[in-house]
Amino acid sequence: DRESGFSFSQIVGQEELKRALLAVAANDGLDGLLIRGEKGTAKSTAVRALTDLLPKQDVVADCPYGCPPDDPERQCDRCRQRTDPSRTERPVPLVTLPLGATRERVVGTLSVSDALAGEYEFDPGLLARANRGILYVDEVNLLDDHLVDVLLDAAASGVNRVERDGVSVAHPADFTLVGTMNPEEGDLRPQLRDRFALQATVTACEDLDQRVDIIDRAIGRDTGNAASSTETDGEADRRDRLRTARELLPEVDLPTEFQREIAELCRDSGAEGHRGDIATARAAMTFAALDGRSKVVEPDVRRAAELALPHRLRARPFEDAPDPEELVDDHFDGAGDEGDEDDGETDGEDPEGKGEGDA
């Protein structure tokens, strides 16, 4: 499903989007990313380029769901019954869910006549292919309601169930949901919007040099060996950061003071429920891990809140919805601009930290 002709490092600008994508790639607990923005701002290109940075997965060799060989709790029924199954590696899957897809294509199909005879054959769908990977929906706000219901059920349980005439099949469907949308074309159902841990907003580049660079890349103009070498080094650096972050994440400490800061910010912002609190905490820990640190600092919390809260803020009667950026600025009272003298790289002009040299 990867058809991008550009690497992650070749995408000009869009730092917030890159930062959010790296976060969901590093932490499986951040199980969704909503990308809002006008058309032609590299949303789809960035999503497809992300998978080239991800480490390969160990899977049971002939399992249609890509079950992990050493984790029975995340395996299908058939894999749980095996002893010492053969294994192989695969890239993390990126599966695109088309807007016009039928329910059967998404959840899979089941022959009732064969099932009643005790020899049913289940044809897995897109949810099976996306297990342990990324399920990508372009223009997710235009998705039919019956498919939204399917996604909500699978996202809540991590399992896809197909039932027909009393016959039932279930398999793991644990995926990171990434959706793109143009807000001018309509909003999301609140239940689906709440399932996205983070939201990134993208706009067209205003810097003239960046716009010229975009033209050069789009028309295939040669930018020289030095630029190509820099981009290759950037991709290698990101792969290393992601791998290190995934290993470091379980050891990252979120101090109590920042837990209280997150809880206070989410409460005062009017964010519904507790998913905003949890997403902010997980994102802050992820940014620390991506910077190679085992302890969260305040800039991590600030950047996490900027991604975890915008889609959770709602307008009150006769009032506009609060501005997320102003809300975070007011809460931290300018502390994010002053930064931490010992942690300048995490709060400077390179918001992804550790000098990535993006084009």
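## Salt bridges, a parallel sheet and a helix pair

With a relative accessibility of 36%, Arg275 falls in the partly exposed class. Please keep in mind as you read on that this is a predicted model. Asp194 is partly exposed as well, its relative accessible area being 25%. What do Arg275 and Asp194 form with each other? The two form a salt bridge in which the closest N and O atoms are 2.4 Å apart. This pair ties together distant parts of the chain, since Arg275 belongs to helix α12 (residues 275–290) and Asp194 to the loop between α8 (190–193) and β11, a separation of 81 residues.

Now a step back to the whole chain. The protein has 15 helices and 11 strands. Of its 359 residues, 47% count as buried. Among contacts between residues at least 6 apart in sequence, 76% join residues that are at least 24 apart.

**More on the salt bridges**

Side chains of opposite charge can pair when their charged atoms come close. In this model the count comes to 20 salt bridges.

| Salt bridge | N to O distance |
|---|---|
| Asp62 and Arg78 | 4.0 Å |
| Arg275 and Asp194 | 2.4 Å |
| Arg303 and Asp300 | 3.3 Å |

Asp62 and Arg78 meet through their side chains at 4.0 Å, N to O. Here too distant parts of the chain are linked: Asp62 sits in the loop between β2 (57–60) and α3 (77–80), whereas Arg78 is in helix α3, and the two are 16 residues apart. Asp62 counts as partly exposed because its relative accessibility is 44%. Arg78 reaches 51%, so this arginine counts as exposed; the exposed class begins over 50%.

Where do Arg303 and Asp300 lie? Both are in helix α13 (residues 298–308), and because they are 3 residues apart, about one helical turn separates them. An α-helix has 3.6 residues a turn, so residues three or four places apart point the same way. Arg303 and Asp300 are both buried. They also take part in a network of salt bridges that links Arg241, Asp291, Arg293, Asp300 and Arg303.

**The parallel sheet**

Let us turn to the strands. Five strands (5 in the order β4-β7-β10-β1-β11) make an open sheet with parallel pairing. The edges are formed by β4 (94–96) and β11 (198–202), each of which pairs on one side only. On average, and with direction ignored, neighbouring strands of this sheet are turned by 20° against each other.

Strands of a sheet pair through backbone hydrogen bonds, either parallel or antiparallel. Going through the sheet from β4, 3 bridges join β4 to β7, and the two run parallel. Thr96 has Tyr136 of β7 as its bridge partner. Next, β7 (residues 134–138) and β10 (residues 176–181) pair in the parallel sense over 5 bridges.

How many of the residues of β7 are buried? The number is 4 of 5, so β7 is largely enclosed by the rest of the structure.

**Helices α1 and α2**

Two packed helices are described by the angle between their axes and the distance between the axes. For α1 (residues 15–26) and α2 (residues 43–50), the axes come within 11 Å and cross at roughly 35°. The crossing of α1 past α2 is right-handed. On the α1 side, Leu17, Leu21 and Ala25 make the contact, and on the α2 side Lys43, Ala46, Val47 and Leu50 do. By class, this contact has 6 nonpolar, no polar and 1 charged residues.

Helix α2 is mostly covered, with 7 of its 8 residues buried. The buried ones are Lys43, Ser44, Ala46, Val47, Arg48, Ala49 and Leu50. Which elements cover them? The cover includes α1 along with β1, β4, β7, β10 and β11, and those strands are the ones that make up the open parallel sheet.

Technical notes:
Residues are numbered from 1 along each chain as its sequence is written. This is a predicted model: local features need pLDDT of at least 70, side-chain atom pairs count only at pLDDT 80 or more; totals for chains, interfaces and linings use all residues. Side-chain values use heavy atoms; hydrogens and water are left out. Axes are lines fitted to C-alpha atoms, for helices over the stretch in contact, and angles run from 0 to 180 degrees between N-to-C directions. A crossing is left-handed if the near helix is turned anticlockwise from the far one by less than a right angle, and right-handed if clockwise. Contact means heavy atoms within 4.5 Å. Ala, Val, Leu, Ile, Met, Phe, Trp, Tyr, Cys and Pro count as nonpolar, Asp, Glu, Lys and Arg as charged, and the others, Gly among them, as polar. Two strands pair if DSSP finds at least two bridges between them. Buried means under 20% relative accessible area, exposed over 50%, partly exposed in between (1.4 Å probe, protein chains only).
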